[in-house]
Amino acid sequence: MKIIDIKHKATGETRTDGRYPLRIGSEVKFYTEPCVGNVMLLLYIKDNQGNAKDGILRTSGVELIERKENEMIVTTNNSIYCFQIDQPR
């Protein structure tokens with residue numbers, strides 16, 4: 001799955017602070033399925049340039065999880081993460 005946007009929870013605008021711009025476009029997978037009340041842990045697979053990447057992204061606590069056809073939106077205490085979900089083959 002790919003991070004397609006990370007928005008600031010308070011403004012709804014795409015985050016441009018810190019390392020957020022580098023995260024958008026990265027390919028990731030869940031370390032464990034996100035759960036309301038817990039932090040979200042994402043394992044990096046590729047960076048936003050398509051290069052292999054190692055590491056884990058730990059977010060603040062999850063407040064809301066929304067699923068759409070090929071998209072998942074996870075709202076944390078500070079941000080809104082939008083993911084493009086891979087279609088099964």
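# Asking why: rings, cores and buried residues

Tutor: The charged end of Arg 23 lies over the ring of Tyr 20, 5.0 Å from its centre. Keep in mind that this is a predicted model.

Student: What makes Arg 23 count as sitting over the ring of Tyr 20?

Tutor: The cut-off for the distance is 6 Å from the ring centre, and the charge must also be within 35 degrees of the ring normal. Arg 23 is listed as over the ring at 5.0 Å. Lys 53 does this too: its charged end sits over the ring of Tyr 44, 4.3 Å from the centre.

Student: How many aromatic pairs are there?

Tutor: The count comes to two.

Student: Why is the pair of Phe 30 and Phe 83 called edge-to-face?

Tutor: Check two values. The ring centres are 5.6 Å apart, and pairing needs centres within 6.5 Å. The planes meet at 75°, and edge-to-face needs over 60 degrees. So the pair is edge-to-face.

Student: What does this pair tie together?

Tutor: Phe 30 lies in strand S2 and Phe 83 in strand S6, so the pair ties together parts that are 53 residues apart in sequence.

Student: Why is the pair of Tyr 81 and Phe 83 called stacked?

Tutor: The planes are at 10°, and stacked needs under 30 degrees. The centres are 6.3 Å apart, against a limit of 6.5 Å. So this pair is stacked. Ring pairs link Phe 30, Tyr 81 and Phe 83 into a cluster.

Student: How do you know whether Phe 30 and Phe 83 are buried or exposed?

Tutor: Buried means under 20% relative accessible area. Phe 30 has 17%, so Phe 30 is buried. Phe 83 has 0%, so Phe 83 is buried too. Tyr 81 is also buried.

Student: Which residues have the most contacts inside the largest nonpolar core?

Tutor: They are Val 28, Phe 30, Met 40, Leu 42, Tyr 81 and Phe 83. The core has 16 residues. S3 gives the most, with three. As a general point, nonpolar side chains tend to be buried together in soluble globular proteins.

Student: What is Phe 83 in contact with, beyond its neighbours within four places in sequence?

Tutor: Its contacts include Ile 3, Ile 4, Val 28, Phe 30, Met 40, Leu 42, Met 72 and Val 74.

Student: Now a charged residue. Why does Arg 15 count as buried?

Tutor: Its relative accessibility is 9%, and the cut-off is under 20%. So Arg 15 counts as buried. Arg 15 is in the loop between S1 and helix H1.

Student: What makes the link between Arg 15 and Ser 79 a polar contact?

Tutor: Their side chains are joined at 2.8 Å, and the limit is 3.5 Å. The side chain of Arg 15 also reaches the backbone oxygen of Asn 78 at 3.3 Å. Beyond its neighbours within four places in sequence, Arg 15 is in contact with residues including Ile 6, His 8, Tyr 20, Pro 21 and Ile 24.

Student: How many disulfides does the search find?

Tutor: It finds zero.

Student: Are Cys 82 and Cys 35 buried or partly exposed?

Tutor: Take each in turn. Cys 82 has 6%, so Cys 82 is buried. Cys 35 has 39%, so Cys 35 counts as partly exposed.

Student: What makes Lys 29 partly exposed?

Tutor: Its relative accessibility is 46%, and exposed would need over 50%. So Lys 29 counts as partly exposed. Lys 29 is in strand S2. Not counting residues up to four places away in sequence, Lys 29 touches Met 1, Leu 41, Leu 42, Leu 43 and Ile 45.

Student: Why does Thr 59 count as buried?

Tutor: Thr 59 has 4% relative accessibility, so Thr 59 counts as buried. Thr 59 is found in strand S4. Leaving aside neighbours within four places in sequence, Thr 59 is in contact with Val 39, Met 40, Thr 76 and Tyr 81.

Technical notes: Residues are numbered from 1 along each chain as its sequence is written. This is a predicted model: local features need pLDDT of at least 70, side-chain atom pairs count only at pLDDT 80 or more; totals for chains, interfaces and linings use all residues. Side-chain values use heavy atoms; hydrogens and water are left out. A nonpolar core is a set of buried Ala, Val, Leu, Ile, Met, Phe, Trp, Tyr and Cys residues joined through side-chain atoms within 4.5 Å. Buried means under 20% relative accessible area, exposed over 50%, partly exposed in between (1.4 Å probe, protein chains only). Helices (H or I, at least four residues) and strands (E, at least two) are DSSP runs, numbered from the N terminus. Contact means heavy atoms within 4.5 Å. A polar contact is a pair of N or O atoms within 3.5 Å; within protein, one must be able to donate a hydrogen and the other to accept it, and residues adjacent in sequence count only if both atoms are side-chain atoms. Rings of Phe, Tyr and Trp (its six-membered ring) pair if their centres lie within 6.5 Å; planes under 30 degrees apart count as stacked, over 60 as edge-to-face and the rest as tilted. A disulfide is a pair of cysteine sulfur atoms within 2.5 Å.
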